[in-house]
Amino acid sequence: VHLWGHFSNIQKDGTPTSDLEITGLPFSCEANATVGTAMTNNITTASKMVNLSVQVNTSNKLYFYQTVYNGAWVKIDWSAIEDNDDIYFHATYRTDA
């Protein structure tokens with residue numbers, strides 16, 4: 001399954017504090033995997049971030065992970081996003097459907 005998306009001028013409602021996740025995938029996911037890349041505009045990222053990847057899991061959710069130089073992976077959290085930020089992404093994952 002190939003997906004692409006553009007979240008333009010994101011508007012937060014309330015004060016979300018959890019990981020940014022995308023639900024409602026068109027088909028169930030076969031396995032947890034890194035499946036694509038993303039590009040952001042104005043989103044606060046970790047110091048020394050070198051890459052932004054899209055990860056899918058068997059709960060059928062997409063997450064955005066930062067690869068940090070000499071550090072652990074870090075999910076993008078809602079606290080990193082302000083009104084009018086943008087995310088572009090693409091992902092290809094295997095389905096078990």
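The part in question is the surroundings of D86. Which side chains and strands surround D86?

Reply: The model is a predicted one, in which local features need pLDDT of at least 70 and side-chain atom pairs count only at pLDDT 80 or more, while totals for chains, interfaces and linings use all residues. Residues are numbered from 1 along each chain as its sequence is written, and side-chain values use heavy atoms, with hydrogens and water left out.

On confidence, the chain has a mean pLDDT of 92, with 100% of its residues at 70 or more; pLDDT is the predictor's confidence in each residue, on a scale from 0 to 100. Strands here are DSSP runs of E with at least two residues, numbered from the N terminus.

D86 belongs to strand 7. The residue is buried and yet has no salt bridge, the nearest side chain of opposite charge being that of K12, 14 Å away. Buried means under 20% relative accessible area, exposed means over 50%, and partly exposed lies in between, for a 1.4 Å probe and protein chains only. For charge, Lys and Arg count as positive and Asp and Glu as negative, with His and the chain ends not counted, and a salt bridge requires a side-chain nitrogen of Lys or Arg within 4 Å of a carboxyl oxygen of Asp or Glu.

What D86 does have is polar partners: its side chain makes a polar contact of 3.0 Å with the side chain of N41, and a polar atom of the D86 side chain lies 2.8 Å from the backbone nitrogen of N9. A polar contact is a pair of N or O atoms within 3.5 Å; within protein, one must be able to donate a hydrogen and the other to accept it, and residues adjacent in sequence count only if both atoms are side-chain atoms. Leaving aside residues up to four places away in sequence, D86 touches H6, F7, S8, N9, M39, T40, N41 and I43, where contact means heavy atoms within 4.5 Å.

Two of these neighbours can be followed further. S8 sits in strand 1 (residues 2–10) and, beyond residues up to four places away in sequence, touches D85 and D86; S8 counts as partly exposed because its relative accessible area is 41%. T40 lies in strand 3, is partly exposed at a relative accessible area of 28%, and touches L52, D86 and I87, again not counting residues up to four places away in sequence.

The pairing of strands gives the setting of T40. Strand 3 and strand 7 (residues 85–92) pair in the antiparallel sense over six bridges, and T40 stands opposite I87 of strand 7. Strand 3 (residues 33–41) also runs antiparallel to strand 4 (residues 49–56), to which four bridges join it, with V56 as the bridge partner of A33. Two strands pair if DSSP finds at least two bridges between them.

In the loop between strand 3 and strand 4, K48 has a positive phi of about 70 degrees although it is not a glycine, and K48 is exposed, with a relative accessible area of 56%. N84, in the loop between strand 6 and strand 7, has a positive phi of about 80 degrees although it is not a glycine, and N84 counts as partly exposed at 41% relative accessibility.
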